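Please read the following explanation alongside the sequence and the three-dimensional view. It is written for a reader who meets this structure for the first time.

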Amino acid sequence: MLKYVAAIDQGTTSTRFMIFDRGGNVVAVDQKEHKQIYPKPGWVEHDALEIWENTQNVIEGALGKFVESQKLQVSEIAAIGVTNQRETTLVWDKSTGKPVYNAIVWQDTRTDLIIAKLAKSGGQDRFRKKTGLPLATYFSGPKVKWILENVTGVKAKAEKGEVLFGNMDTWLIWKLTGEHITDVTNASRTLLMDLKTLDWDDAILKVMGVPRAMLPKIRPSSQVYGEIKQGILAGIPIAGDLGDQQAALFGQTCFKAGEAKNTYGTGCFMLMNTGEEPIQSKAGLLTTLAYKIGNQKAVYALEGSIAIAGALIQWLRDNMGLIQTSAEVEALAESVEDNGGIYFVPAFSGLYAPYWKSNARGVIAGMTRYVNKGHIARAVLEATAYQTREVLDAMEKDSGVKLKSLKIDGGMVFNELLMQFQSDILNVPVVRPKVAETTALGAAYAAGLAVGFWKDMNDLKINWGKDKEWKPSMDSARRKKLYSAWKKAVTRTFDWI
């Protein structure tokens, strides 16, 4: 009897394995953090073999707890979905399975010279019409180019198809099943895929110097890709693959054009479903794939990506030592009444949406002797809310849709102070679902649909339930004053490098 669907959620700071029942409730979970490697300023790497080991550990960890107590049999799991940090780029040797270099993380800015060179002919929007993306250090294609140009011997091997490229979804699916594939959502983040054909674009590949032989096949987000070859899950199909933000949109059941969600994680990502036609952004957003279910038509989204959200709280903890645990930031921020006149713009790896300025760097503006660590903690939280407002403004401009409420998910949504301030600064209600970890849920949903565990998307909609809602209570004059001071602070980060 098939009772469950599971998901591997390979994120920027940790990897999780989660098991869900038919109602979308979490049955079991295990999670493990991996090292963040910073070889130079602006460079961020992960050890892909450590991530693979952690993936195996969390699968065994989540299952172990439940199989032992006989609450669950592995044979009751219908399918596995995969979701991942999206643009993080890996190249590995096809015969040995060893990475040729560490995974280059989406936040990494080492490709800025490659980007500047590419932009010389055709500007920042050179490939936007085809890919929906501006030229930016964020995406995978330029990172592959960097590896091919800087790691000895890899370029020659790539042309012969002896090394393979993938984001972390592709790496894990290859390790588990031997299939070299990715889905449309992850492919749409490489700067190498055509939004209309849903295939790699030969003209762009030529410009980037990336051989097609090293690229994975592009498949729908919900489809059986292959069975797991060995280990505790052997024989179970992997049947769902979505980039983390698209998985959260899917897990939040935003299936209608105009429905949107915001995920508060390491970065912050707002996506709006725009239906079966890609909308080219005029306001600095990304046009991206939302999902593609089996043979159905692809669904598109507009996305506003913010590089630093939860990562700023980690910075406060790890680099500054102002808090011992991330959870302490709320109490520290509540020790003061307001931000004391300061604004923290965390452009640590440049500014993403809606500015796309890789030469910006972080600033704290408005400092006086009055300011204490409580004000800094408050400004850290408020930064996420202001950045979200900038993205929402752009989204409403592009789509012509006025958002009535915002569905939220991710680790920061349990911070009450932040969520109230978010509602105040957006002037719309903010709604947290019963299952806040919608990223893993979205991947599980895609896998379950592919094997008929759920009949259709209506089954999934029935599962969605509201946990808590915050309503705006700030007067409009105060909202306007705070937001215009934020906009002023943002300009101070421009052209720092």
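The paragraphs below treat the pockets, the cavities, a pair of packed helices and several individual residues.

This is a predicted model, in which local features need pLDDT of at least 70 and side-chain atom pairs count only at pLDDT 80 or more, while totals for chains, interfaces and linings use all residues. Residues are numbered from 1 along each chain as its sequence is written, and side-chain values use heavy atoms, with hydrogens and water left out.

On a 1 Å grid over the protein atoms alone, a cavity is a set of points where a 1.4 Å probe fits but cannot get out, a pocket is an open set with protein on both sides within 12 Å along at least five of seven lines, and lining residues have an atom within 4 Å of a point. Grid points are joined across faces, edges and corners, and a volume is the space filled by probe spheres set on the points. Helices (H or I, at least four residues) and strands (E, at least two) are DSSP runs, numbered from the N terminus.

The largest pocket has a volume of about 960 Å³. It is lined by 38 residues, and T13, Y264, G265, T266 and G411 are the closest to its centre. At least two lining residues come from each of strand 2 (14-21), strand 3 (26-33), helix 9 (244-251), strand 15 (260-264), helix 10 (310-318) and helix 11 (328-334). Helix 10 supplies the largest share, five residues. In the classes used here, Ala, Val, Leu, Ile, Met, Phe, Trp, Tyr, Cys and Pro count as nonpolar, Asp, Glu, Lys and Arg as charged, and the others, Gly among them, as polar. The lining of the largest pocket then has 11 nonpolar, 18 polar and nine charged residues.

The second largest pocket holds about 620 Å³. Of its 23 lining residues, Y38, V44, Q107, N319 and F348 lie nearest the centre.

Buried means under 20% relative accessible area, exposed over 50%, and partly exposed in between (1.4 Å probe, protein chains only). Eight of the eight residues of helix 9 are buried, so this helix is largely enclosed by the rest of the structure. Helix 9 is followed by T253, whose phi is positive, near 55 degrees. In strand 2 one finds R16, which is buried with a relative accessible area of 14%. Contact means heavy atoms within 4.5 Å. Leaving aside neighbours within four places in sequence, R16 is in contact with A7, I8, D9, V29, D30, Q31, V58 and E437.

How many cavities of 30 Å³ or more does the structure hold? There are two. The largest cavity contains about 90 Å³ of space. Its lining comprises 15 residues, with I306, L351, Y352, A353 and Q387 nearest the centre. Strand 18 (299-306), helix 12 (373-399) and helix 16 (476-491) give two or more residues each to that lining, which divides into 11 nonpolar, three polar and one charged. The second largest cavity has about 30 Å³, and its lining consists of F165, N167, T170, T182, N186, A187, T190, W200 and P216.

A353, named above for the largest cavity, is joined to P354 by a cis peptide bond, with omega near -5 degrees. P354 is found in the loop between strand 19 (343-345) and strand 20 (363-365). W356 lies in the loop between strand 19 and strand 20 and has a positive phi of about 55 degrees although it is not a glycine. W356 is buried, at 8% relative accessible area.

Helix 12 also takes part in a helix pair. Two packed helices are described by the angle between their axes and the distance between the axes. Axes are lines fitted to C-alpha atoms, for helices over the stretch in contact, and angles run from 0 to 180 degrees between N-to-C directions. Helix 12 packs against helix 13 (residues 416-426) at about 35 degrees, with the axes 9 Å apart. The contact has nine nonpolar, three polar and three charged residues.
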